[in-house]
Amino acid sequence: MFLTPRTSSTWRLAPSPRWWPVNCHSGHALVSQPNGAARDQETKRKARPSCQAVLDRFDEQYSQELGDLWESARAVLLDPGSWQYGVMLNRFSTVTGISQILQSQGFSTLLPQTRGPAVLPSGPAAVSRSKCRAGKGSLLPPGHISKWPPNDSYLQPDIKSPARDQDLESEPSPGLSRPSLQCYIHPRPLRFPSQAHRLGQLKQYFLLNAASLLPVLALKVQDGEKVLDLCSAPGGKAVAILQCATPALLCCNEPDPQRRDWLAKTLESFLSQSLTSRVIVSAQDGRSFGQSEAGTYDKVLVDSPCSNDRSWLYCGGQQGEQRLKERAGLPALQAQLLRSALSAVRPGGVVVYSTCTLSSFENFAVVETVLNDCPEAEPEDLWEEIGIPLSEHFTFRTTHPGGSQTPHNASLQPHNAPSSSYRHRLGLLVVPQPGKTWGPMFLSRIRRRK
């Protein structure tokens, strides 16, 4: 197996899953767990009531931070049946026909399909370009689309996926080109059936909350770069990174053994073995990673542990109370991880910080705290790059708690820059709304000055 931990050290801060709640956005509760367990988890979440203590705390905090947006966001979070799911195609597997089936069912592409040459990097670690023919059973029957939640026992399609040692990429025809990342979304809560993990076969698509792709898009990974996914488990964003580009190295770091096993299984389910020399799994404490590998990486993603709003709302009573107690310590942990990431990235390199919570204390406030401590760190504006182009699909918010229009620390704001520009540079918050149920997701991009 090509996923070898670089070190046996583990993070002992707290037992899993307290500091490492399942990331709803990556969709791993649907695809990376054993199929029956995933279905049971989603069905139970829909059936059982929300945790009143958590809801009360959210009402108190988010009504102040989000204003009128909170009432509609609250309604979405309390109605799992309304949650939308995206379908990200796996470029390392045979996906012939799936896009046509998705389009016939009303799915559309989330991203503009860029047209570039279908050329893969050369060298022994490159993905093979040999032809791979799809068999007769390789297409998903058009009727296999359902409203949430589907019964996977009869919706599971018999889609044949190539073995991991088989050639994966088709030879491009003259004049044709291949888009980088392909994700399909639907305006209603329709969902493809999840695919079970099958030994020796790659999954053809990945079910996810489309907002989870935004931090990956903000990272803008290019072929040949060295990339660190500092808090990688359960692995959804690592898979997405490799749909966008072929980095020279992708280090997926996860200190918790149980979650690291989950991460390894996810990578095995979606990645070709031809990436053996490019993808590694590390077990370091994320808070000290920057010290051990200072200035090593071109890009670093910090998809930080957070008070996962979707998941926490459905905790049991005692578990919910315990998580609320632990919540106060999260911003300090998140700031430590972000500082470590800024140490691990090279001068001129980029760090993207993300969470799946609406909490400003874990989002804007963490970014500002680290900017105060790290004069070499400079936030970058994501509004024109991501906010405006994707506002059709996502509801974005860039203001501080209570709608403040100015930064907490005015010294961080350039003298000639308007306050609105500074707010955009601190980050974007995706707020789930009816018809646009994606999120919560916060993302901020920070460049380390040369």
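Predicted model: local features only at pLDDT ≥ 70, side-chain atom pairs only at ≥ 80, totals over all residues.
**A tour of salt bridges**

Select R445 and E380: they form a salt bridge, with the closest N and O atoms 2.8 Å apart. A salt bridge here is a side-chain nitrogen of Lys or Arg within 4 Å of a carboxyl oxygen of Asp or Glu. R445 lies in strand β15 (residues 441–448) and E380 in strand β12, so the pair ties together parts that are 65 residues apart in sequence. Helices (H or I, at least four residues) and strands (E, at least two) are DSSP runs, numbered from the N terminus. Both R445 and E380 are buried. Buried means under 20% relative accessible area, exposed over 50%, and partly exposed in between (1.4 Å probe, protein chains only).

Residues are numbered from 1 along each chain as its sequence is written, and side-chain values use heavy atoms, leaving out hydrogens and water.

Next, select R425 and E378, a salt bridge whose closest N and O atoms are 3.6 Å apart. R425 sits in helix α16 (residues 419–426) and E378 in strand β12 (residues 377–380), 47 residues apart. R425 is buried at 11% relative accessible area, whereas E378 is partly exposed at 30%.

Last, go to K299 and E225, where the closest N and O atoms of the salt bridge are 3.1 Å apart. K299 belongs to strand β10 (residues 297–303), and E225 to the loop between α7 (214–219) and β7 (226–229). K299 is buried, at 8%, and E225 is buried, at 13%.

The whole structure holds 13 salt bridges.
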